[in-house]
Amino acid sequence: MREAGGAAESGDRGEDRRPADEEALFSALLEDSAEELYEHAPCGYLTTLMDGQIVKVNSTLLDWLGYERGKLVGRKRFSELLTVGGRLYHETHFAPLLRMQGEISAIALELKTADGSRLPVMVTSRVKTGSDGQPLLIRTTILDARDRRAYEVELLRARQEADQERDRLKLLNSTLQKTLLPPALANVPGLDVAAYYHIASVEEVGGDFYDLFPLAAGTWGLFLGDVCGKGAAAAAVTSLARYTLRAAAVYDPDPAAVLTNLNTVLNHEYNGTDPRFCTVIFGLLTPDADRGGFRITLASGGHPPALLMRADGTADYLPTPGGQLIGVLPDADIATTTVHLAVGDTLLLHTDGLTEAHTNAGSEGRYGDDALLAFGRALAPTTASAVIGAVRDLLDTFGSGVDDDTAVLAVHVPRPTADEPR
Amino acid sequence: MIRHLTLRTRTTAKGAVIELTGELDHRTAPEVRAALPGAGLEAGQQLVLDLAGLTFCDSSGITVLLAARNHARAADASIALAAVPDHLQRIFRVVGLEHVFPTHPTAGAAEAAWQPPTS
Amino acid sequence: MDVRSRNHVTVTGRTGGPVVVLAHGFGCDQNMWRLVVPALEREFTVVLFDHVGSGNSAQSAWSRERYSSLDGYVDDVLELCREIALGPVTFVGHSVSGMMGVLAATREPEAFAGLVLLAPSPCFVDDPDTGYRGGFSAEDIDELLESLDANYLGWSGAMAPVIMGNPDRPELGAELTNSFCRTDPEIARVFARVTFLSDNRADLASVAVPTLVAQCSSDPIAPPEVGAFVHAQIPGSRLVTLNATGHCPQLSAPEETAAAITAFVGTAG
C-alpha cells in the first residue's frame, strides 16, 4: 500500500483539495498491493545473485519470455537468457561496468524466449549492497524495446548509408581530381621538376591544375592555373582548360597565343549569369645552347606571378603586369616575360590557395604575397623537390586554415653531372 | 553559423546600389548572384556595387563582380564599383581587371558621375 | 610515440619488487584491475596500461593495419616491457591478452619471468575438424558486433555522468563512469574481431616460460575445457580453477585472483 498511499498523499498536497468521496474512490482504485504492482508492472523485474543466478522474476517478464517461474528461479543465470552475442557483450562490457559502477542503465540487449524467438529489450541494473557495503544482489528492470529497436536499426542503417554515400562521394571526387592532374610530369633532360596538389576538402573537387609536357623540337610547355569556384561545374571548366591548353600549344606554342586561344574557347562556353574564368600561367621552356640552362617565356592571364629563386640566394617575383583573367573578357590582354634560368635557379608557380590560406585555423590573418616572397628568399638557393617539400610543410602548419585547393609546380636547373656536359 | 557577408540593396532614380559587407568568397558568392535579378535594373541605368565594407574577396567573389557586369550589360545598363578596398585593388591588378570596371571613391560619387545615355 | 603515453602506462607498488604487468582484455581498460591492485602492490611493482584504442591510450596511435591482428598488440607489449622493466616481468593477461602474452613470450622468452593466463581462450570459435570446442560460432561474433552497434546509440545515455551506486568505494568516481569500457565504435569492432576470431592454438606449445592458467569455475566465454586445453598444450604449465564465476575474476573475486597471482610470482620469479 506504500505506493498507493504515496500517490494519495501527493494528491492531498495539490492546490485543489479533492472532495472526500473522490479521495475514497481513488483509494479503492489503488487497492492493490506492492506485490501486485511488482508482478504485473508494465516492465520486467528480475533479481539475481552477484553471480547472475536468478532468484526472483515478475510475471510480466515470465509472460514475455514464455517461461514457468520454476524454469528460471534457481535454475538459470541472467546471461543465459541473452543471445550468444549479447552474452559476449554482457561479459565484456555489461558485467564489468555493473561491478565497477554499481549501476548500469539503458543497455540494448536481446532476450531469448522459450520458443526461441528474440525480444529486444532495454536493460537497467543496480547492485543492492548490505549494511556492510558488500554487494548482495543485482536488481534489473527490463523494458520492451521492440519499437525502439526497429527505430534504432533504421537510424543505424541510415547512418551507414550516409557514411557509404560520403565515402563514395570522396572517392568520386578524388578520382575526378586525379583525372585533372597529369599522372606524371614529363622528363626534361637537364631540368628537375616537382609538383604538389593540396586538396583542401574531399567533399568538393577543386579547380587548380598544372602540367608539363613535351612540344616540338626540344621545347617543353608547362602551365599552372586556377578555375574559380569548386565542385563539378568548376571541374568541367578545369578539364576543358587543360585539354585546350595542351592542344593550343601544339597548334601555336607562342605562350601569348596559347592563352588567347584558351580565352576564346572559354568565352564561347562560359559567360553569362554564371561566368567561369580561370587564371593561368603558361610557359615555354627552351634549352639555352649559348649560356647553358633554359630560357623560359611566361605568359600570364591574370595569375599570381611566378617566384624565381636564384642560385646566388636572391629571390623575386616575375611580374607580368596587365595580363587579364581568361574566359570572360572578349579580348583579354596577355602579358609575357622572358627569363633565363641559370644553373642553380629554381622557378616556383603557385595558385592563390597558398597565399590566401589562414595561417592558423580560425584566424583572420592570411599568409599573403609578402610572406611567400620572404619564404622564397629564406629558401634560395634551392631545388625543385626542396621547395615543393617546404611548401608542403608550410601548408601542414596551416592545417585547416588552407580553405582552398593549392597547386605548386617547380622547375630547377641542376648542376650538370660529369657525363652530361653542357 | 557565422554570417560572413551582409548584402543590402537600395534603388535610386539612377539605378540600384548593392552594398556588400564582409567576406565575398565561394560560400557567400551565390547569395549575391541570386540577388542580382532583384535589383530592378532598367535599360540606361547604372548598377553600383558599394564595396566599402568588403573585407575579403577571392576568385569566386571576382566571378560575382563579373556576373554583375554581365547582368548590367544584358539589361543595357552600366556598372560601377564604389570604394574598392586596397586588397581588392591588388587582386584587380593581378587578374587584370583594374580597367574593366569604372571605379569611384564612394557610392555617392558613382551616382553623381552617372550620365544618362545620350541616345 | 612514447610508449608510456601511447599506452597510458601506470606504474605503482613496491619499487624494486618483482614486476607484474597487468593486461586488460577486450571491452574495457586498465581499471579492470582496480580491485586486485591493492593486494598486489604491497609486494610487487605493478604496471598497468591500456591497449591502443582502449581507455586513455593515444587514439592517434591506432591504425587498422597495425591492430587488425594480435601482432600489433604483441609489439606494444614487448616495447612496453623493454621500456618499463630492467629485467624479466610476470605478465598477467586477461582473456585475449593472455594470448598476447603467449605470442610475446614465444618471440622474446628472456623478457618474461612467467605468464599468468587469466580466463584465456586460444580460439573462441569451434573447430569441428579437430573436435575443438571454443564455445562460439562465427555468427555469434557477428551478433556481438550487432550488440556493439546497438549500444553505440545507447552509450550516450549510459555514459552521462551518474552518481555511482557504490558508496563504499568513493575512489570509483564519476570520471570512471565516463571512460571505463568506452571505445570508439570503429575500433571496438576491429578489436572484437581480433579477439574472437584469432586462432592461437598452435602457438601454445612454443611457450617456454613458467605459465599459470587460471580459469573460472563458471565462465560463459571461456568454458573449463578451454582452460584444460591451454594447460595441456603449454609444456609444464599449471592450472588452477578459481571459485570465481563469470569471465572477469579480477572483478568478481579480486582477493582470490590476487592470491593466485601472488602465489605464482613467488614460485616463478
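Me: Which residue is the bridge partner of Val280(A) in strand 10 of chain A?

Reply: The model is a predicted one. In it, Val280(A) has Gly301(A) as its bridge partner in strand 10 of chain A.

Me: What makes strand 9 and strand 10 of chain A a pair?

Reply: Two strands pair when at least two bridges are found between them. Strand 9 (residues 278-287) and strand 10 (residues 294-301) of chain A are joined over eight bridges, in the antiparallel sense.

Me: Which strands form the open sheet of chain A, and in what order?

Reply: Five strands form the open sheet, in the order 7-8-9-10-13, with antiparallel pairing. Strand 7 (208-214) and strand 13 (335-341) of chain A each have a single partner strand, so they stand at the edges and one side of each is left without a neighbour in the sheet. On average, neighbouring strands of this sheet are turned by 15° against each other, direction ignored.

Me: What packs on the sheet?

Reply: Helix 9 (residues 255-269) of chain A does, touching strand 9, strand 10 and strand 13 of chain A. The direction of helix 9 makes about 25° with that of strand 10 of chain A.

Me: How many helices and strands do chain A and chain B have?

Reply: Chain A has 12 helices and 15 strands. Chain B has four helices and five strands, and along its sequence they follow the pattern β-β-α-β-α-β-α-β-α.

Me: What share of chain A and of chain B is called buried?

Reply: A residue is called buried if 20 or more other C-beta atoms lie within 10 Å of its own. By that cut-off, 38% of the 422 residues of chain A count as buried. In chain B, buried residues make up 45% of 119.

Me: Which element gives the largest share of the side of chain A that touches chain C?

Reply: In this contact, 32 residues of chain A meet 38 residues of chain C. Helix 6 of chain A gives the largest share of the chain A side, 15 residues. By class, that side has 15 nonpolar, 10 polar and seven charged residues.

Me: Which residues touch the most other members of the largest nonpolar core?

Reply: They are Val408(A), Ala410(A) and Leu49(B), in a core of 110 residues. Beyond its neighbours within four places in sequence, Ala410(A) has contacts that include Val193(A), Leu348(A) and Ile388(A). Another core, of 104 residues, lies apart from the largest one and has Trp62(C) and Phe229(C) among its members.

Me: What is the confidence in chain A?

Reply: Its mean pLDDT is 88, and 92% of the residues of chain A reach 70 or more. Over residues 1-14 of chain A the pLDDT is below 50.

Note on methods: Residues are numbered from 1 along each chain as its sequence is written. Chains are lettered from A and ligands numbered from 1 in the order in which they are written. This is a predicted model: local features need pLDDT of at least 70, side-chain atom pairs count only at pLDDT 80 or more; totals for chains, interfaces and linings use all residues. Helices (H or I, at least four residues) and strands (E, at least two) are DSSP runs, numbered from the N terminus. A residue is buried if 20 or more other C-beta atoms lie within 10 Å of its own, exposed if 12 or fewer, and partly exposed in between; C-beta atoms are placed from the backbone. Axes are lines fitted to C-alpha atoms, for helices over the stretch in contact, and angles run from 0 to 180 degrees between N-to-C directions. Two residues are in contact if their C-beta atoms, placed from the backbone, lie within 7 Å. pLDDT is the predictor's confidence in each residue, from 0 to 100. Ala, Val, Leu, Ile, Met, Phe, Trp, Tyr, Cys and Pro count as nonpolar, Asp, Glu, Lys and Arg as charged, and the others, Gly among them, as polar. A nonpolar core is a set of buried Ala, Val, Leu, Ile, Met, Phe, Trp, Tyr and Cys residues joined through C-beta atoms within 7 Å.
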